[in-house]
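Let's take a friendly walk through a protein model, one part at a time. Have the sequence and the 3D view ready, and look for each part as it comes up.

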Amino acid sequence: MENATIAAIATPIGRGGIGIVKISGKDAFSIAESIFKKSGAVTSDSGKKREPSFASLKSHRLYHGYIVDEGKGTVLDEVLLSVMVAPRTYTTEDIVEINTHSGPVVLSAILDLVLKKGGKLAEPGEFTKRAYLNGRIDLTQAEAVIDIINSKTEKSLEIAASHIKGGLKKKIETIRGVLLDILVETETAIDFCDDAGDVFNSEKTIEMLERVIIDDLKGLIEKYENAHVLRDGLKMVVVGRPNVGKSSLMNRLIQEDRAIVTPIPGTTRDLIEETLNIHGIPVIIADTAGLHETDDPVEVIGIEKTQEYISDSDLILFMVDASDPLTVEDENIYKIISNKRLILVINKWDLVKDDFKLDIPESWNTLPQIKISALYGRGMSELKDLIANLSIGEYGIEVQNKIIPNLRHKTALERTLQVCVSAVEEIRKETSFEFIAIDIKEAMDSLGEIIGDTAKDDVIDQIFSRFCIGK
Ligand SMILES: Nc1nc2c(ncn2[C@@H]2O[C@H](COP(=O)(O)OP(=O)(O)OP(=O)(O)O)[C@@H](O)[C@H]2O)c(=O)[nH]1
Ligand SMILES: [Mg+2]
């Protein structure tokens, strides 16, 4: 039932000031009319007072009245109802929104009534899916809706907001436009193979592919690599041998006594996760059990968990103790984490002189390093700067261009890049125009997946399944 009229509670379930039941589809008005009694009456030509007809209500206005269950003869709530006439609506269909008082019972009762009158319960994301299927927004804008809802920092919100305005869509459409020009020339060359040289200028085409398209694609992919943590968050983990001060640092950064700190080595046994905002980057920080040889079964599990966590983290704070010479344990830990992005954090700097130099293996000298005192909160802002710098580099400062692809976009961009590079090779080798055309078409299709023109149903379903009900 593609064109069924759908309805859902659009606000979070709970008690609050206002709750909204949203109805979209061709029967939205007739369903609403059957349950809504507008307050006040109008005077008819004959001078008699009567209820106003629903059709006389103006679009994009709010009307005061009551939701009435006529079957039971009961009033469910006093409401404000808005009528939005297609196509200038979220879904491009007729929409009615009923602003009720917010309580789980009243909202469910009104929704039930709407469903009884012929509405179908909307699936998660179905309103936005209709906006996409009806052509009001593209897939990148639909994804931006979820990103806005899930934004963890103001910066991630800024990125999502620029996508919802169609920033990425425009960029993709521009690149596709250039590819289309190239495709037209290639196909003309196929048709006029005798005079192909007149219609197909190899040098110009290679120039367009390399200077315009390939550069743009690489730029977007690089943006993902460098700045996706602004949207997706950075997974960071504090690792080190027991008692170096990992939990103290975690507590400092989140400004809360979250993890237990004691002078006894092996205090932290489980993995503790918290989120914090470092210069606009949503950071998920994990404090871990100190890594060392142990027979304690609880610690062993903690250490195993730490090792798992390390493998899918984006950044590791590798902590050592300035007040104590390094041990084999420190060196063994380094071996486990050396292939990851690291910051060497030298803690307990308050216990040594300012000009103290900790003796570290030569191979560690290239690591970005920082001296701190977790106990006294020294070096915290420098540490935060370093974390931000390593994670997003220049993109942290540059907010002009907020178009940052997500993983799905990046995968499609990489495929596009690959076929464009191969198209350049084909042209250089003077292969047949048919092969070049195939590459260009494939590049256009990959880009089409990003905005949704050529996206497969399962991809679309998967995107909308991330939505909540009522959106
Ligand atoms: N002087 C000084 N002591 C510190 C500093 N950071 C932590 N400590 C002390 O070192 C001891 C261990 O700190 P924790 O934060 O529990 O260390 P940990 O690395 O989490 O230890 P485990 O959980 O056992 O692996 C505590 O007594 C802290 O007060 C620091 O910067 N300076
Ligand atoms: Mg600890």
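Which helices are included in what covers the buried residues of H4? Among them are helix H3 (126–133), helix H5 (154–164) and helix H6 (167–191). The cover also includes helix H8 (202–232), helix H14 (433–451) and helix H15 (457–465). Keep in mind as you look around that this is a predicted model.

The buried residues of H4 are Leu139, Thr140, Gln141, Ala142, Glu143, Ala144, Val145 and Asp147.

## How the chain is divided

The protein chain is split into three parts: domain 1 (6–122), domain 2 (144–229 + 406–465) and domain 3 (233–396). Notice that domain 2 is written as two stretches of the chain, 144–229 and 406–465. Between the C-alpha centres of domain 1 and domain 3 there are 56 Å.

## The six-stranded sheet

Now find the open sheet of six strands, whose order is E11-E12-E10-E13-E14-E15. Its pairing is mixed. Strand E11 (272–278) and strand E15 (369–371) are the edge strands, each pairing on one side only. From one strand to the next, the twist averages 25°.

E11 and E12 run antiparallel and are joined by seven bridges, while E10 and E12 pair in the parallel sense over five bridges. Within these pairs, glutamate 274 has isoleucine 285 in E12 as its bridge partner. Alanine 286 in E12 stands opposite glutamate 273, and valine 237 also stands opposite alanine 286. Six of the seven residues of E12 are buried, so this strand is largely enclosed by the rest of the structure. E11 and E12 form a hairpin with two residues between them, and histidine 279 in the turn has a positive phi of about 50°.

Where are the buried residues of H10 around its axis? The buried residues of H10 are Glu299, Gly302 and Thr306. They cover an arc of only 60° around the axis, so they sit on the same side of H10.

The buried residues of H10 pack against strand E10 (234–240). On the other side of H10, you will find Pro297, Glu304, Glu308 and Ser311 exposed. The length of this helix can be checked too: the 15 residues of H10 (residues 297–311) should span 21 Å at 1.5 Å a residue, and the 22 Å between its end C-alpha atoms agrees.

## The seven-stranded sheet

Another open sheet has seven strands in the order E3-E6-E7-E8-E2-E1-E9, again with mixed pairing. Its edge strands, strand E3 (36–38) and strand E9 (120–121), each pair on one side only. E3 runs antiparallel to strand E6 (residues 61–69), and three bridges join them. In E6, glycine 65 is the bridge partner of lysine 38.

## Some residues to look up

Start with the loop between strand E7 (74–84) and strand E8 (95–102), where proline 87 lies. The peptide bond from alanine 86 to proline 87 is cis, with omega near 5°.

Buried or exposed: what is lysine 348? Lysine 348 has 22 C-beta neighbours inside 10 Å, so it counts as buried. This residue is in the loop between strand E14 (342–347) and E15, and has a positive phi of about 65° although it is not a glycine. Glutamine 255, in the loop between helix H9 (246–254) and E11, also has a positive phi, about 55°, without being a glycine. With 10 C-beta neighbours inside 10 Å, glutamine 255 counts as exposed.

Terms used. Residues are numbered from 1 along each chain as its sequence is written. Chains are lettered from A and ligands numbered from 1 in the order in which they are written. This is a predicted model: local features need pLDDT of at least 70, side-chain atom pairs count only at pLDDT 80 or more; totals for chains, interfaces and linings use all residues. Two strands pair if DSSP finds at least two bridges between them. Helices (H or I, at least four residues) and strands (E, at least two) are DSSP runs, numbered from the N terminus. Axes are lines fitted to C-alpha atoms, for helices over the stretch in contact, and angles run from 0 to 180 degrees between N-to-C directions. Domain bounds come from an automatic or database domain assignment. A residue is buried if 20 or more other C-beta atoms lie within 10 Å of its own, exposed if 12 or fewer, and partly exposed in between; C-beta atoms are placed from the backbone. Two residues are in contact if their C-beta atoms, placed from the backbone, lie within 7 Å. The expected span of a helix is 1.5 Å times one less than its number of residues. The arc is that of the directions from the helix axis to the C-beta atoms.
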